[in-house]
Amino acid sequence: MIHPSAPPRGVTAGVGRTALLVAAARAIETHRPDALAHDPFAALFVRAAPDTADWPLHPDRVPGGEFDPLWGRLGRYFALRTRVLDDHLLARARSGTRQMVLLGAGLDSRAFRLGWPRGCVVYEIDSAEVLEFKRTVLDATGAAPVAERRPLAADLRHDWATALLGAGFDPAAPTAWLAEGLLLYLPAPAEQRLIATVARLSAPGGSLAYETKEVTGESVRVRGGPVYTEARRRLGLDLHRLFAPGPRPDSAGALRSRGWAVTVRTPYHFTAFHGRGPRPEPDDALAANRWTFAAAGG
């Protein structure tokens, strides 16, 4: 078991802590008999952070199973999101895309756990603290990435394109961009700059998948629901204090205005497709979530 003596503060608090939450959900999902996604590294990240020692990493440790609002319902949401975005990236790779850019890569291990075709390069952009924690844990396992992995430390609220271009990124080649669990935490101007930068650096045949909430946001009743209250009570995570305040930009509209073809789905579209995953409920914390898939025109 890996226990870094002092995990960086950016990993164990704030948005970095949500990466540990997602890792725990992926670990639990990995052990389900009907698992939507498998991540053999997820549990290692959680156990490497000392203040998450009591978090469950197996469905047998979740009282109430899938009815538990935190490790059941929200955890299954993260698992479904992982599966859908895994499938999206692999489909792009199999169609010939060889550049993958994970914006806000967090503690995901896609470069290690997915069956990438030969020649794929996976750029992982996140904070230096998150990437260093991730490196420490993965190095201790002796794991080797399936694709060529290029981690880049950058603040996605500001200039990150310079680091990407300096690492060998080719804007003339098609790219599959992914912003999973990122835009909710960026101020609206930073989201607008990120979308514009992706569009500027994308060649025809490129794609972008990302997660947002509806521009109109959520009601007070939804914000007082069990997913949010249990995250605060059990994990000390006030998700709404982490979400960027104010109205959200219409990033799908911005991409359409640049000639991109855009499809927006709810998570429940994929619950129906896969036959498992979270389902709608009253005052639903997941109802406003949207997963967007955009393709660059040519």
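How many helices and strands does the secondary structure of the protein chain come to? The count is 13 helices and seven strands. The model is predicted.

**Overall build**

The protein chain has 298 residues and a radius of gyration of 18 Å. A compact globule of that length would have a value near 19 Å, so the chain agrees with that expectation. Along the principal axes, the C-alpha trace spans about 50 × 45 × 35 Å. Of the 298 residues, 57% are buried. The accessible surface comes to about 12500 Å². Carbon and sulfur atoms account for 54% of that surface.

**Helix α4 against helix α13**

Two packed helices are described by the angle between their axes and the distance between the axes. Helix α4 covers residues 69-94, and helix α13 covers residues 267-274. They pack at an angle of about 80°, and their axes lie 10 Å apart. The angle falls within 65 to 115 degrees, so α4 is roughly perpendicular to α13.

Which residues make the contact? From α4 come Arg73, Tyr77, Leu80, Arg83, Val84 and Asp87. From α13 come Pro267, Tyr268, Phe270, Thr271 and His274. By class, the residues of this contact divide into six nonpolar, two polar and three charged.

Arg81 also lies in α4. Is Arg81 buried or exposed? Its relative accessibility is 5%, and therefore Arg81 counts as buried, the cut-off being under 20%. Setting aside neighbours within four places in sequence, Arg81 is in contact with Val22, Glu180, Gly181, Glu211 and Trp291.

**Helix α10 and the residue after it**

Helix α10 runs over residues 226-235. Its buried residues are Val227, Tyr228, Glu230, Ala231 and Leu235. Glu230 has a relative accessible area of 14%, which means that this residue is buried. Beyond four places in sequence, Glu230 touches Pro69, Leu70 and Leu235. Trp71 is 159 residues away from Glu230 along the chain, yet their C-alpha atoms are separated by 9.7 Å. Just after α10, Gly236 takes a positive phi of about 70°.

Most residues other than glycine have a negative phi. Asp283 has a positive value, near 50°. Where is Asp283 found? The residue sits in the loop between α13 and β7, the latter spanning 289-295. Asp283 has a relative accessible area of 34%, so it counts as partly exposed.

Arg149 is placed in strand β3, residues 148-153. What does Arg149 touch, not counting residues up to four places away in sequence? The partners are Ala111, Phe112, Val122, Glu124 and Lys134.

Ala261 is in strand β6, residues 261-265. With neighbours within four places left aside, Ala261 is in contact with Phe293, Ala294 and Ala295.

Val137 belongs to helix α6, residues 128-141. Its relative accessibility is 0%, so Val137 counts as buried.

**Sequence separation and distance in space**

| Pair | Separation in sequence | C-alpha distance |
|---|---|---|
| Glu230 and Trp71 | 159 residues | 9.7 Å |
| Arg149 and Met100 | 49 residues | 9.6 Å |
| Val137 and His88 | 49 residues | 27 Å |
| Ala261 and Ala294 | 33 residues | 5.5 Å |

Two rows deserve a second look. Arg149 and Met100 are 49 residues apart in sequence and 9.6 Å apart in space. Val137 and His88 are also 49 residues apart along the chain, but their C-alpha atoms are separated by 27 Å. For Ala261 and Ala294, the 5.5 Å distance goes with a direct contact between the two residues.

How values were computed:
Residues numbered from 1 in each chain as written. Predicted model: local features only at pLDDT ≥ 70, side-chain atom pairs only at ≥ 80, totals over all residues. Heavy atoms only, no water. Axes fitted to C-alpha atoms, helices over the stretch in contact; angles between N-to-C directions. Helix = DSSP H or I, 4+ residues; strand = E, 2+ residues; numbered from the N terminus. Parallel < 35°, antiparallel > 145°, perpendicular 65-115°, else oblique. Contact = heavy atoms within 4.5 Å. Nonpolar A, V, L, I, M, F, W, Y, C, P; charged D, E, K, R; others polar. Buried < 20%, exposed > 50% of the residue type's maximum accessible area, 1.4 Å probe, protein only. Rg over C-alpha atoms; globule rule 2.2 N^0.38 Å. Areas by Shrake-Rupley, 256 points an atom, 1.4 Å probe, with all protein chains shown as cover.
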